[in-house]
Amino acid sequence: MDNKNKKKFDIKTFAVLHFILLLYSFVGVFMKLAFKNEFLSLGFFLFAGLAVLFLGIYALLWQQVLKKMPLTVAFTNKAICIVWGMLWGALILGDTITWYKILGSLIVFPGVVLVVSSNE
Amino acid sequence: MNNGNLVIIFSCVFLCSVLISSISQILLKKSADRIYDSRIKEYLNPPVIIAYGMFFCSMMITMYCYKYVDVSAGPILESAGYIFVGVLGYIFLKERFTKKKVIGMILILLGIVIFSLGGEIFNFVTGIFS
């Protein structure tokens with residue numbers, strides 16, 4: 001591991017990482033909404049376009065995050081998307097939130113915290 | 001071919017797709033650790049272009065696999081990426097496995113399994129004791 005990655009990463013990088021993971025969590029929702037519309041209709045292109053836009057912003061900023069953070073730590077933070085996905089699924093798509101999903105999220109969260117703090 | 005076999009085959013294809021995506025992450029990190037003359041070259045260089053090509057292929061393969069693989073099994077199969085990236089990161093990036101990191105990853109995997117299959121696990125356990 002190089003010296004840059006040994007250092008504790010700053011809060012700004014961490015905030016950017018979670019901002020792009022928030023964007024990334026919408027990609028699946030937009031794709032589902034796109035396929036709820038008729039294929040190649042205006043609604044399809046609107047939501048598929050939003051998915052591509054969010055994915056593009058995510059890809060651009062992900063590369064900047066990787067400059068300042070070990071890959072394993074950054075990648076493991078992606079697990080938080082399961083919590084966001086559950087929320088957007090319930091709020092936008094009308095999916096049900098079960099106790100198992102809540103319990104699973106409650107177990108994922110300290111796991112992410114442990115991986116992040118392992119770099120300190 | 002019966003449906004059960006197709007599910008197993010496409011679950012394996014799904015895992016291969018996750019591996020492709022994980023390898024693409026290693027390429028991205030390798031590229032991110034290098035110093036470039038300009039911001040545009042940080043993105044327009046062979047490793048990044050190849051990595052995003054692989055990432056795109058992986059997404060397409062994954063989407064196709066959902067034709068046969070149950071949606072609830074998707075997050076579990078995708079979580080193999082944490083193991084792949086961890087192992088590949090150790091081999092190619094010399095990112096160490098600390099005790100904290102390993103416990104954290106185990107918690108994440110456990111959480112994803114409960115998140116996706118909690119109902120089935122509960123029914124299985126109560127079935128044993130009833």
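**View 1. Polar contacts between chain A and chain B.** In this predicted model, 14 residue pairs are in polar contact between chain A and chain B, both residues of each pair having pLDDT 80 or more. On chain A, the elements that give two or more residues to the side touching chain B are helix 1 (3-6), helix 2 (11-36), helix 3 (42-68), helix 4 (71-76), helix 5 (81-91) and helix 6 (99-117). Helix 6 of chain A gives the most, with 13 residues.

**View 2. The salt bridge across the interface.** One salt bridge is found between chain A and chain B. The side chains of A:Lys67 and B:Glu42 form a salt bridge, at 3.0 Å from N to O.

**View 3. Extent of the interface.** Chain A brings 40 residues to the contact, and chain B brings 40 residues. Together the two chains bury about 3500 Å². Carbon and sulfur atoms account for 69% of that area. On chain A, 19% of the area buried against chain B comes from A:Gln63, A:Leu71 and A:Tyr100, more than from any other three residues.

**View 4. A nonpolar surface patch on chain B.** The patch consists of B:Ile83, B:Val87, B:Tyr90, B:Ile91, B:Phe92, B:Phe97, B:Val102 and B:Ile106. Their accessible area comes to about 720 Å² together. Helix 5 of chain B gives the largest share, five residues.

**View 5. B:Val102 within the patch.** B:Val102 is a member of the nonpolar patch and lies in helix 6 of chain B. B:Val102 counts as partly exposed because its relative accessibility is 33%, between the 20% limit for buried and the 50% limit for exposed.

Key. Residues are numbered from 1 along each chain as its sequence is written. Chains are lettered from A and ligands numbered from 1 in the order in which they are written. This is a predicted model: local features need pLDDT of at least 70, side-chain atom pairs count only at pLDDT 80 or more; totals for chains, interfaces and linings use all residues. Side-chain values use heavy atoms; hydrogens and water are left out. Patches are made of residues with over 30% relative accessible area and no salt bridge: like charges are joined within 9 Å, nonpolar side chains (Val, Leu, Ile, Met, Phe, Trp, Tyr) within 5 Å. Accessible areas come from the Shrake-Rupley method with a 1.4 Å probe; for residues, only the protein chains shown count as cover. A salt bridge is a side-chain nitrogen of Lys or Arg within 4 Å of a carboxyl oxygen of Asp or Glu. Helices (H or I, at least four residues) and strands (E, at least two) are DSSP runs, numbered from the N terminus. Buried means under 20% relative accessible area, exposed over 50%, partly exposed in between (1.4 Å probe, protein chains only). Contact means heavy atoms within 4.5 Å. Buried area is the accessible area (1.4 Å probe) that two parts lose on being put together, summed over both. A polar contact is a pair of N or O atoms within 3.5 Å; within protein, one must be able to donate a hydrogen and the other to accept it, and residues adjacent in sequence count only if both atoms are side-chain atoms.
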